[in-house]
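Subject: A structure for you to look through

Hi there,

I'm passing on the structure we talked about, with some notes on what turned up in it. Have it open beside you as you read.

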Amino acid sequence: MKIHKRIKNTGITAVILSIALSGISSPALAAFEWAERPADFCINKHIIAGDENGDLMLDKNITREQMAKMLTEAFSIKSKNPKLFLDVDENLWSYDYINRFSGLMIKTDIVFLPAELVTREEFVTYLLISAGYEPYAGETNRLLQISFSDSDDIDEDYKPYILTAVKNDFLKGSDMKINPKGLLTRAEACTFIYRVMNSDKSTSGIYIHTSVVPMPAATKSPDNNTGSNTVNITTETGVRGEHPIMGSPEVTLEQAKKWAQNRGAHQRFIDIADLYWYYGEITGIRPEVMYAQAAKETNFGKYTGNVIPEQNNWAGIKAKDATGDTTYDHESFATPDDGVRAHFNHMGAYIGLEPVGEPHARYYNVKSLDWAGTVRYIEELGGKWAPYADYGVSIIYDFIEPMKNTG
C-alpha cells in the first residue's frame with residue numbers, strides 16, 4: 001500500500017509518519033487498498049490525520065465530534081446559527097468544530113453526545129448537507145423500498161438525503177441492503193467525502209458499481225411517475241447500453257429459482273419463475289431481466305411497498321389514470337399469470353413489440369410517449385421505468401449478476 005509514501009510527500013506535520021510504523025500487519029493494510037486514494041485526498045485536505053505513531057486508524061469507527069471536525073474541515077463550514085449543548089463546553093477539543101457544525105443539524109437536542117459513534121445514515125446525511133445538496137423531494141419511501149430490503153430501518157428524517165446519495169451514486173447497497181444503522185469507519189468516511197467532493201470524476205470502491213449511468217438531459221417524463229414529482233429525461237438518453245433486454249437467456253430457470261430461494265424470497269416469487277421463462281420464450285425478452293426487475297419491484301414477492309400481493313402486479317405498473325403512489329394508483333391483474341403477461345407487454349411497449357393477448361390500460365400510456373419502442377438496453381430503464389437514472393444499473397448488478405453466479 002502506498003499511503004505511507006504519499007504522506008511523506010505531502011508536507012503534513014511529522015506526526016503523520018508511515019502507516020507501516022504503526023504496527024499494522026500487511027494483511028490489515030491490504031484490507032484498505034480500496035481506500036488509498038480517498039485517504040490520500042483527506043490527508044492532503046487536512047480532513048484526517050494520524051496519531052502520534054502515524055497510524056491513520058482507518059479501521060476505527062468515528063464519533064460524532066470527529067464527524068463534526070471532518071465535515072467542517074472538508075467544507076470550511078462557518079455556522080451562522082450555532083447551537084449550545086449541555087455536554088459541550090469550551091474545554092472540549094472539538095468545541096469549535098461542533099459549534100460550527102451545529103447550525104447544519106436537522107436533528108437537535110440539548111446534548112450533542114460527542115463520543116457517540118456515527119451511523120452510515122447520519123454521516124451521509126450531514127455530508128450532503130455540508131456539501132449543499134438538497135434532499136430528494138419525490139416518492140422517497142417507494143424508491144428506497146424497491147431498492148433496499150432494509151429501507152424501513154432508515155430514519156425518516158434522513159431518508160430524503162439517503163435517496164439523494166443513492167441517486168448521485170455516492171451510496172450503494174450490498175445484497176439489497178443499505179445498512180443504515182451500521183457504524184462508519186474512518187476509511188469509509190474518507191471514501192464518502194472523496195466521492196462527494198470529486199463527484200464529477202469516476203471513483204471506485206466499496207458500495208459503488210463499476211458502471212455508472214449519468215442522468216440525461218431533460219425533455220420527457222418517465223412512464224410510472226406522476227404529478228409534481230416527475231423527473232424528466234431525454235428521448236435519446238445518451239446512456240451507454242451494454243446489457244440488452246432482448247436475447248437468449250443467460251440464466252436457467254433452475255438457477256433463478258435457487259437464487260430466489262437463497263435470497264429469502266416468498267414462495268409465490270419462486271413459483272412465478274416458470275411463467276417468466278415461458279413468456280421469455282414467447283416474446284424473445286430475456287426472462288432473467290424481467291425476473292430480476294420483479295425481484296426489485298416486489299422485494300422478492302414480499303410486497304413490502306404500496307402494491308399488495310392480491311394485485312398480482314409484479315413490476316410496479318401504475319394504473320392508467322394514476323395521480324399518486326397509493327395501492328390504488330397501481331394496476332391490478334386477475335391472476336399471477338395475467339400479471340406476468342402484463343409485465344412482458346409493458347416492457348414490450350418500451351422495446352416496440354406487439355403485445356401478447358389484450359394489453360392492460362397503462363400499456364397505451366407508454367405507447368403514446370415519444371421514446372416508446374426505442375429502448376434496447378437495461379441501462380435505459382433508468383429515468384423511464386422509475387424516476388432515477390440508476391434504476392437499470394441496479395437491476396444488472398444487484399440482481400442479474402448474482403443470479404448468473406448462482407451455482
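First, a term you will need: a cavity is a set of grid points where a 1.4 Å probe fits but cannot get out, and its lining residues have an atom within 4 Å of one of those points. Please also keep in mind that this is a predicted model.

Rolling a probe the size of a water molecule over the atoms shows where empty space is left. Here the count comes to four cavities of 30 Å³ or more.

The largest cavity has a volume of about 130 Å³. Around this space you will find Arg142, Gln145, Ile146, Glu297, Thr298, Tyr303, Thr304, Gly305, Asn306, Val307, Gly316 and His330. Helix 7 (140–145) and helix 12 are the elements that give two or more residues to that lining. Sorted by class, the lining has seven polar, three nonpolar and two charged residues.

The second largest cavity has a volume of about 60 Å³. Which residues line the second largest cavity? They are Ser147, Phe148, Val166, Lys172, Gly173, Lys296, Tyr388, Asp390, Ser394 and Asp398. By class, that makes four charged, three polar and three nonpolar residues.

**An open space**

Next, find helix 12 (residues 287–298) and helix 15 (residues 391–404), whose axes come within 9 Å and cross at roughly 110°. Angles of 65 to 115 degrees count as roughly perpendicular, so helix 12 is roughly perpendicular to helix 15. On the helix 12 side, the contact is made by Glu288, Val289, Tyr291, Ala292, Gln293, Ala295, Lys296 and Glu297. Helix 15 brings Tyr391, Ser394, Ile395, Phe399, Ile400 and Met403. Together they count as nine nonpolar, three charged and two polar residues.

Arg37, Pro38, Ala39, Phe41 and Cys42 of helix 3 meet Cys190, Thr191, Ile193, Tyr194 and Met197 of helix 9. This contact has eight nonpolar residues, one polar and one charged.

**Charged pairs**

Side chains of opposite charge can pair when their charged atoms come close. How many salt bridges does a search of the whole structure find? The search gives 14. One to look up is between aspartate 96 and arginine 100, at 3.1 Å from N to O. Both residues lie in helix 5 (residues 95–101), four residues apart, which is about one turn of the helix.

Enjoy exploring, and write back with any questions!

Best wishes

Technical notes:
Residues numbered from 1 in each chain as written. Predicted model: local features only at pLDDT ≥ 70, side-chain atom pairs only at ≥ 80, totals over all residues. Heavy atoms only, no water. Axes fitted to C-alpha atoms, helices over the stretch in contact; angles between N-to-C directions. Parallel < 35°, antiparallel > 145°, perpendicular 65-115°, else oblique. Contact = heavy atoms within 4.5 Å. Nonpolar A, V, L, I, M, F, W, Y, C, P; charged D, E, K, R; others polar. 1 Å grid on protein atoms, 1.4 Å probe; cavity = no way out; pocket = protein on both sides within 12 Å on 5 of 7 lines; lining within 4 Å. Points joined across faces, edges and corners; volume = space filled by probe spheres on them. Salt bridge = Lys/Arg side-chain N within 4 Å of Asp/Glu carboxyl O.
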